[in-house]
Amino acid sequence: MSRGPRSFTPREIVGELDRYIVGQHKAKRAVAIALRNRWRRQQVGPELRDEIAPKNIIMIGPTGVGKTEIARRLAKLAQAPFVKVEASKFTEVGYVGRDVESIVRDLVENAIQLVRAEAVEDVNTRASELAEERLVQVLSGREPQPQSGPTAFGPFVLTPPTMQQPSARATLTSEQLELRDKLRRGELDTREVELDIADQSSPLGGMFGMPGGGDMEAKLGEMLSNLPGMKGRSKRRRVLVPEARRLLEAEEAAKLVDMDGVQREAIERAEQSGIVFLDEIDKIASRQSAGGGGPDISREGVQRDLLPIVEGSTVSTKYGPVKTDHVLFVAAGAFHVSKVSDLIPELQGRFPIRVELHSLEKPDFIRILTEPKNALTRQYEALLETEGVKLTFTADAVDAIAEYAADANQRAENIGARRLHTILEALLEDLSFTAPERSETSVVIDGAKVRATLAPILASGDAAKYIL
């Protein structure tokens, strides 16, 4: 049903990461080895496989140097379930915050979406055919009614999606065959139809609008959705034919997909190849200079709550128990005030690999603006092209932008590559505002234009702090 995670050599992994992230080769090598070790572990005999624990990583470096992007791209490359969480959002029991086990539940939900998307892709062709036939029947006014009736739990309870069978192939009349031809030619795209669509909204309607209330709402919503009369809820919608086709394809695909199989594989994928990115882990490190009380008590409590998840435990989810023994944890933090050694020893021991990411300088900014596949200059050129404006950055413009970014990071807080966003927004603000009125024009940004726009801002140190 599913293709599963892909296997790459460490050199291939680093090469792929180089397409999106500039520099930071030590960190790339570390995550590449960690990812390859997962494949190596699967090749080991079963008597030793379970004994091989993942080598978790701590990335140390200032903000905006690529820590999060490395972890995210790694997970995408490996087609692995991925979740990013901020360690500072979790607190020990008794304080407002989220339960640390929600990390694993979020990881499983991500795995479910990943595996289900692969399964849907496998059945897309048949789902499209069935949806087309249903849409033709709706357009001809002869759509068959869903079969439902009294049951032991109450009247007119529809079959749950996991047990539904795909719609049967219908024999189309000559009138319906003519409608199908028009549908395929796009002649009916402006026509509206009425459909009964499954209602996916939460029965609770978001009533738990409080910190940590999302987990409670999800659990109660799941319980209520399983009650008699709640399954198979639908609402009638009036939509255009293209939207109706999309909705019907999604409904038919849901019937074709074996959700029990999806859940089994998703749990397996989360356990064996899941990646958890723990950001801001330095925010929960206890300062050695602190006294015997205050916030440090809560920080250490968060570490001790995280410890069982990182060490390996079994977490109950709505899809079944999930073991975290072989989940790869990648932690990251600036560690300006605290040090890695300020973490409790047990947690330190679960992160044996530590890599330091260097701060970005002008040459790095030049590479970031020009080399990656998704370089910022290419993004802005593509955005303005939608308005008919052909934007071009000259080499001296890129050099000047990089110089101003490095200067602004020295004058104010060092926010790494994120400074390029603020620099480019300030530089292109007028063009972005007037672009709809300048259709079919070409605009060249050169070094003189960059200096004329940004020099007055940087000349005022106070203004630069707020604007750049």
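What percentage of contacts in the chain between residues at least 6 apart in sequence join residues at least 24 apart? The value is 77%. This report concerns a predicted model, in which the chain of 468 residues has 43% of them counted as buried. The chain contains 17 helices and 11 strands.

**Nonpolar cores**

In soluble globular proteins, nonpolar side chains tend to be buried together. The largest nonpolar core in this model has 64 residues. Within that core, the residues with the most contacts are Met59, Leu391, Phe393, Ile401, Ile445 and Val450. Helix 14 (residues 395-411) supplies 8 residues, the largest share of this core. Apart from this core lies another, of 47 residues, with Ala87, Val115, Ala266 and Ile344 among them.

Leaving aside neighbours within four places in sequence, Met59 is in contact with Ala27, Lys67, Phe277, Val330, Ala331, Ala332, Gly333, Val355 and Leu357.

**Helix pairs**

Two packed helices are described by the angle between their axes and the distance between the axes. Two such pairs are set out below.

| Helix pair | Axis distance | Crossing angle |
|---|---|---|
| Helix 5 (residues 102-139) and helix 9 (residues 259-273) | within 8 Å | roughly 125° |
| Helix 14 and helix 16 (residues 447-459) | within 8 Å | roughly 15° |

Helix 5 passes helix 9 in a right-handed crossing. On the side of helix 5, the contact involves Leu107, Val108, Ala111, Ile112, Leu114, Val115, Arg116, Glu118 and Ala119. These meet Met259, Val262, Gln263, Glu265, Ala266, Arg269 and Ala270 of helix 9. By class, the contact residues comprise 11 nonpolar, 1 polar and 4 charged.

Helix 14 contributes Asp396, Ala397, Ala400, Ile401, Tyr404, Asp407 and Arg411 to the contact, while helix 16 contributes Gly447, Val450, Arg451, Leu454, Ala455 and Leu458. The residues of this contact divide into 8 nonpolar, 1 polar and 4 charged. Ile401 and Val450 belong to this contact, and both are also listed among the residues with the most contacts inside the largest core.

**Backbone and local features**

Most residues other than glycine have a negative phi, and most peptide bonds are trans. Gln79 has a positive phi, near 55°. Gln79 is placed in the loop between helix 4 (67-78) and strand 2 (82-86). Its relative accessible area of 23% makes Gln79 partly exposed. Glu280 likewise has a positive phi, near 55°. Glu280 belongs to the loop between strand 5 (275-279) and helix 10 (295-311). With a relative accessibility of 24%, Glu280 counts as partly exposed.

Not counting residues up to four places away in sequence, Glu194 touches Val138, Arg236, Arg237 and Arg238. The C-alpha atoms of Glu194 and Val241 are separated by 9.5 Å, and the two residues are 47 residues apart along the chain.

Technical notes:
Residues are numbered from 1 along each chain as its sequence is written. This is a predicted model: local features need pLDDT of at least 70, side-chain atom pairs count only at pLDDT 80 or more; totals for chains, interfaces and linings use all residues. Side-chain values use heavy atoms; hydrogens and water are left out. Axes are lines fitted to C-alpha atoms, for helices over the stretch in contact, and angles run from 0 to 180 degrees between N-to-C directions. Helices (H or I, at least four residues) and strands (E, at least two) are DSSP runs, numbered from the N terminus. A crossing is left-handed if the near helix is turned anticlockwise from the far one by less than a right angle, and right-handed if clockwise. Contact means heavy atoms within 4.5 Å. Ala, Val, Leu, Ile, Met, Phe, Trp, Tyr, Cys and Pro count as nonpolar, Asp, Glu, Lys and Arg as charged, and the others, Gly among them, as polar. Buried means under 20% relative accessible area, exposed over 50%, partly exposed in between (1.4 Å probe, protein chains only). A nonpolar core is a set of buried Ala, Val, Leu, Ile, Met, Phe, Trp, Tyr and Cys residues joined through side-chain atoms within 4.5 Å.
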